[in-house]
Amino acid sequence: MTGLTSRETSPLVAIRDLAVSFDGVKVLHGIDLAIHRGEAVGLVGESGCGKSVTWLAALGLLPKKATISGSVMLDGGELIGAAPATLDSVRGGRIAMIFQDPASALNPVIKLGRQVGEALALHGGLSGKAIRAEAKRLFDLVGIPDAARRLDAFPHELSGGQNQRVMIAMALAGKPDILVADEPTTALDATIQAQILELLTRIRRETNMALVLISHDLGVISETCDRVCVMYAGRIIETAASEALFAQPLHPYTQGLLAALPPLEGVRRRLVPVEGNVPEPWNLPPGCSFAPRCPRRVEACAMRVPLLAPKTADRRAACIMTPSLAQPQHRPEPVYA
Amino acid sequence: MLRFLLVRLFRAALTVALVVTFAFVVLRMSGDPALIIMSVDAPPEAIAAFRKAWGLDDPIWLQYLRYFSAIGQGELGQSMRDGRPAMQLVLERIPATLALTLPALALKLGIGIPAGIYAALHRDSLMDRIVMVTAVAGFTVPSFVLGLVLVLVFSVQLGWLPSGGQESWRHAILPVLTLGIGGAAVLARFTRSAMLEVLGQSYIRTASAKGVPWPRVVRGHALPNAAVPTVTVVGFMVGSLIAGAVVVESVFSWPGVGRLLVVAVANRDLAVVQCILLLVAMTMVSANLIVDLLYGVLDPRLRSGAKAGAH
Amino acid sequence: MSSAPLLQVRGVARRYAMRRGLLGRSIDVRAVDGVSLTVEHGRTLGLVGESGSGKSTTGRLALGLEPPDDGDVMFKGAPIPPAGTLAWRQLRARMQMIYQDPLGALDRRLSILEQVREPYDVHGLGEAGERDAMATALLQAVGLRADQGSRYPHELSGGQRQRAVIARALATKPDLLVCDEPVSALDVSIQAQVVNLLVDLQQELGLGLLFISHDLKVIRQVSHRVAVMYLGRIVEEGDADLLLASPAHPYTEALVSASPVPGRRARPRIVLQGDPPNPAARPSGCAFHPRCHAARERCKVESPRLLPLPDGRLTACHVAHDQANFLKAAS
């Protein structure tokens, strides 16, 4: 299922014009994004592009100095500026989140069973023996061997891959509608990464939970997600169904990313790097942020920020040099990525 | 665990032995006890007799060995000044010292830790700045200065409290405050930085992300982790319960162990000084031992101690 | 020039003592267990493996930064002198190392130019008055502007810092570069710049590279030959394209299939079960057998040797060799 065909049903989460600044420096410039039930959406981009900030902001997990504007609607309820109690029930209960380095994302002085149990008590209304039984079931579900004994272990006693499984078990405890996985395999070895990606895909299939996968790795995104949003300098610059995007990227930045990636098969060719560097958020160029690095830039690119506009029937790109092949669409705003 | 304890105990014993040796060397090299105690114009025969009676004529290494073995047997000798057992002299003074240091410790913990936690949770707020400025002032001002200022204000100017002596509980207020404020400041700073460090950790974000309300994140996830570094400072404070009041006791003429030490050092009363140092070293070392064991309780990573090292 | 290979590592082993628990006695962990490899002049050997495979330790052994417990390392046909000696320091100018974290490798109190100039000062290369110009030329050779030389490490981006580290390593005109995950901390678009730079420098200067990485895609891009390590041993070694296009060892096969590729993949993904094994509890026989789909009884008891297959590569796998023998007998 792609985002566009499912637009008729109302989205689970609708992010509208979400912007974030730190100390007056804008790092997120108005993100529009909708997540539908059961779909797997990838957010891909290089460090500092805002892919993690988007979801930390949506869940109110950014430090206090962050200024957030825009709207994040979950089933018709607004999350931006919501009361702490509302956010607490959403976090883990409706939207769960797991992070990059599982070893540091788990509390080092608390037994794993208790850390998972805490989520079960908060969102499942369980107590006492039921918590332990359910925690063991979750450990079994995510494939932790010898689950009963691992409940009494501490994070440092498990490998990185096992700790990430614990994080996933903890995320599942509240039976969330969306799991946001922020670089969940970046700190793991290749063979363990494959295990965790397979686990995430299996759980999504079994529970119809939506998955938002945040990663810098195009390969990881491609293998796990139905729909992809490519981010650059705090904006979504291209979005499409995964297969279409990787088969034929439209935006010059997406094209650049793919050309910069060494292939694992076929003839070796010289890599085509994207020249220059990602601009600092306090020093963005005028107009299209990618223009100074773009091989197709024209003068107009520096005039104004390009809209994330429809380019073919089911994909959008924020580039004035990418010809539009789509019929004009008679759909009122908002336009979600 | 047993091996861990044995290693710790051995190190503790070594520390105590070094402290005792150090005191012996310093005191014996800085002056002749016979001359100081008998006064310089005493008849030479009297001084010779004193020397003979206390074994001061023997070679220094023999005196050292004799002293060391005596300590080993729990025999700490007599005060050269009034001939009473040194241990007895010291023990008599301990209650007076604890009467100052225990309430002061309660003050340090009661003010320092909550203030540090509050400052960390409200980082960069007005209260945080006030706490931090107070804390810096609190531990940069030496205790004798603070003591004298308190005396000036509360005794001399306002006349509310006595400036010295040990007649009633009111006499204890100023020395306890002097001791407590400095310690509370140190502890507040330490607790604040430990909390800030912990609050920036990824697992705090994880706890919030699974829907744990913020007060419970602080109590259940941050405090247990911040306790580990804080315990070190508290342990040091517990270890200085006996010896931590030397200056303050002098300023407020409080007849505790600290005053006894000052007098004994001035008189080169070796046995008493040794006895106090031994006591201090032992409290310090036991406090450290307890801290080490507490680490294991507080942090499971240190408990199982699976450490790899290259050789 | 002699016909001896640039770098020859022969059967090196490195052991560490590891203590488990407070009461546990220390056990020897073999981080590197009899590794042999060769880097030719102007060629790249890619060394790939997961954490705990011993690939980084192998890199340090190759430079003599750590003494091997067994085996020896030859540089241009002569043994590497013990670390710390004058002879070793002189030799170190001919062989340089580049690490993953350029910020940690640079001194944050010195400007980039000063750091690139430093090797000239240390080894007394060139006239003192010319060294700044020499260093600036090096900066330009790695794609940094002259004005960037006056900046401090934290004022540069990650990619620029890694360029500076490379420039400094090149100052002594080394013959060998050992690169330990040199592009792993960089974003994709920057990673490609640095990979291209290394390949270009190799062609211009005839550098031999020992390129250590966990990333198969990067390894393949830069390497002529590839060696795959698992738990302290090389399990497969051969021509880069051959090895990664048709792996013979089941571990290489799993590693290749686990490497995420954007777009449609040609091969189904093989997901290995279990964690990478603990070097302190090495499985019997072939260390890979508990995770291997092809494992047989023999694999549990007999450790396979690294032997050539008919196509020239080396593989340490009973099953692969049995198959090759069977095919030879059948034809």
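Domain bounds in these legends come from an automatic or database domain assignment. The structure is a predicted model, in which local features need pLDDT of at least 70 and side-chain atom pairs count only at pLDDT 80 or more, while totals for chains, interfaces and linings use all residues. Residues are numbered from 1 along each chain as its sequence is written, and chains are lettered from A and ligands numbered from 1 in the order in which they are written.

**Figure 1. The two domains of chain A.** Domain 1 of chain A comprises 1–94 + 178–192 + 203–261 + 271–337, and domain 2 comprises 109–175. Their C-alpha centres lie 31 Å apart. Across the boundary, 8 residues of domain 1 of chain A are in contact with 9 residues of domain 2 of chain A; two residues are in contact if their C-beta atoms, placed from the backbone, lie within 7 Å. The side of domain 1 of chain A that touches domain 2 of chain A has 6 nonpolar, 2 polar and no charged residues. In this classification Ala, Val, Leu, Ile, Met, Phe, Trp, Tyr, Cys and Pro count as nonpolar, Asp, Glu, Lys and Arg as charged, and the others, Gly among them, as polar.

**Figure 2. The two domains of chain C.** Chain C is divided into domain 1 (7–94 + 174–330) and domain 2 (106–173), with the C-alpha centres of these domains 31 Å apart. Here 11 residues of domain 1 of chain C are in contact with 12 residues of domain 2 of chain C. Helix 7 (residues 188–205) of chain C gives the most to the domain 1 side, with 5 residues. Helices (H or I, at least four residues) and strands (E, at least two) are DSSP runs, numbered from the N terminus. By class, that side of domain 1 of chain C has 10 nonpolar, 1 polar and no charged residues.

**Figure 3. The side of chain A that touches chain B.** In this interface 26 residues of chain A are in contact with 20 residues of chain B. Helix 2 (84–90), strand 6 (95–98), helix 3 (102–105) and helix 4 (112–123) of chain A each supply at least two residues of this side of chain A. Helix 4 of chain A gives the most, with 4 residues. The side of chain A that touches chain B has 14 nonpolar, 8 polar and 4 charged residues.

**Figure 4. The side of chain A that touches chain C.** Between these chains, 36 residues of chain A are in contact with 35 residues of chain C. Helix 7 (160–172), helix 8 (190–207), helix 9 (218–224), helix 10 (242–247) and helix 11 (252–260) of chain A each supply at least two residues of the chain A side. The largest share, 7 residues, comes from helix 8 of chain A. By class, the side of chain A that touches chain C has 16 nonpolar, 12 polar and 8 charged residues.

Figure 5. In helix 10 (residues 250–258) of chain C, 9 of 9 residues are buried. A residue is buried if 20 or more other C-beta atoms lie within 10 Å of its own, exposed if 12 or fewer, and partly exposed in between, with C-beta atoms placed from the backbone. The buried residues include C:Tyr251, C:Glu253 and C:Leu255. The buried residues of this helix pack against helix 8 of chain A, together with helix 8 (216–222), strand 9 (225–230), strand 10 (233–239) and helix 9 (240–245) of chain C.

**Figure 6. Two loop residues with positive phi.** A:Asn208 has phi near 55°, a positive value in a residue other than glycine, and lies in the loop between helix 8 and strand 8 (210–215) of chain A. A:Asn208 is exposed, with 11 other C-beta atoms within 10 Å. For C:Leu231, phi is near 50°, also positive in a residue other than glycine. C:Leu231 is found in the loop between strand 9 and strand 10 of chain C and is buried, with 24 other C-beta atoms within 10 Å.

**Figure 7. Helix 5 of chain B.** The 36 residues of helix 5 (residues 86–121) of chain B should span 52 Å at 1.5 Å a residue, and the end C-alpha atoms are 50 Å apart, which agrees. The expected span is 1.5 Å times one less than the number of residues. A kink of about 35° in this helix is centred on B:Thr97; the bend at a residue is the angle between axes fitted to the seven residues ending there and the seven starting there.
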